[in-house]
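Student: Could you put the model up and walk me through how the terms get applied? I'd like each value set against its definition.

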Amino acid sequence: MISIEHVCKTYGKKDASVEALKDITLNIPDSGMTAIMGPSGSGKSTLLNMIGCLDSPSSGSIKIDGKDISQVSVKEKAKLRNKFFGFVMQDFALIPDYTVIQNIEVPLVYAGKKGKERKVLVENILSKVGLLEKRNTEVQYLSGGQKQRIAIARALVNDPKIILADEPTGALDLKTGQEVMKLFLKMKQMGKTVIIVTHSKEVAAQCDNVINIIDGKVDK
Ligand SMILES: Nc1ncnc2c1ncn2[C@@H]1O[C@H](COP(=O)(O)OP(=O)(O)OP(=O)(O)O)[C@@H](O)[C@H]1O
Ligand SMILES: [Mg+2]
């Protein structure tokens with residue numbers, strides 16, 4: 001269970017400050033799919049980044065299985081990220097002059113997996129997202145939708161417990177979007193926690209819970 005208590009996040013200082021999250025309290029159950037919805041600028045990516053230990057709240061706490069992850073050291077954060085999470089970022093966060101394989105391998109390298117094992121895991125996930133034939137292409141030469149699928153492959157390759165996906169189907173056509181949702185549903189069936197930021201009602205309809213964020217607050 002992920003339990004978020006009284007989380008606030010303010011970016012910047014004084015006149016230039018933005019209150020992106022204003023006293024968010026909510027629980028996200030294990031092994032299910034949760035959608036986070038809300039208008040542009042309402043704080044969805046900010047919330048996802050806090051859950052995923054990419055950034056710290058200004059105040060409040062976030063606990064995963066009872067462990068407070070919100071105020072740990074930078075080093076500890078990196079460890080937690082690798083242990084718990086697979087990320088699909090809104091801007092993909094791929095390395096443009098790395099090939100598809102090299103990009104997907106990144107979390108496996110961090111996890112200390114050997115070359116042969118990495119190759120098997122990468123090819124397995126690439127065939128699941130339907131891009132095995134692009135494995136030696138530099139990602140800068142892929143289309144937006146292909147980049148998105150590579151970002152998803154990278155998030156899933158290390159078999160994380162919690163998958164955080166920011167608009168994972170936003171740049172995809174209907175059919176590819178549905179394929180991607182099938183992958184997430186499979187992850188859920190494997191007992192994983194999937195959290196998806198989305199503007200799509202179709203995506204939200206496939207989730208077990210929907211959280212609406214409006215102007216930095218949970219809309220009840
Ligand atoms: N690093 C930052 N520094 C300053 N302000 C920021 C930063 N990141 C986000 N913000 C601001 O915080 C607010 C929430 O941003 P956030 O990215 O969480 O919105 P969002 O709900 O994900 O929007 P979208 O649907 O457009 O992706 C916005 O007003 C944004 O401008
Ligand atoms: Mg966002």
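Student: What makes the pair formed by Gly43 and ligand 1 a polar contact?

Tutor: A polar backbone atom of Gly43 is 3.0 Å from an oxygen atom of ligand 1. A polar contact is a pair of N or O atoms within 3.5 Å, so this pair qualifies. This is a predicted model, where local features need pLDDT of at least 70, side-chain atom pairs need 80 or more, and totals for chains, interfaces and linings use all residues. Residues are numbered from 1 along each chain as written, chains are lettered from A and ligands numbered from 1 in written order, and side-chain values use heavy atoms, without hydrogens and water.

Student: Which side chains make polar contacts with ligand 1, and at what distances?

Tutor: Among them, an N or O atom in the Thr46 side chain is 2.6 Å from a ligand 1 oxygen, and a polar side-chain atom of His199 lies 3.3 Å from an oxygen of ligand 1.

Student: How much of ligand 1 does the protein bury?

Tutor: The protein buries 61% of the 640 Å² that ligand 1 exposes taken alone (Shrake-Rupley, 1.4 Å probe).

Student: What puts a residue in the shell, and which element gives the most?

Tutor: A heavy atom within 4 Å of the ligand. There are 13 such residues, with Ser40, Gly41, Lys44, Ser45 and Thr46 the closest. H1, a DSSP helix (H or I, at least four residues), gives the most, with three residues.

Student: Why is the meeting of Val100 in H3 with H5 called contact?

Tutor: Contact means heavy atoms within 4.5 Å, so Val100, Asn103, Ile104 and Pro107 in H3 count as meeting Ile150, Ala153 and Arg154 in H5.

Technical notes. Helix = DSSP H or I, 4+ residues; strand = E, 2+ residues; numbered from the N terminus. Polar contact = N/O pair within 3.5 Å; in protein donor to acceptor, adjacent residues only side chain to side chain.
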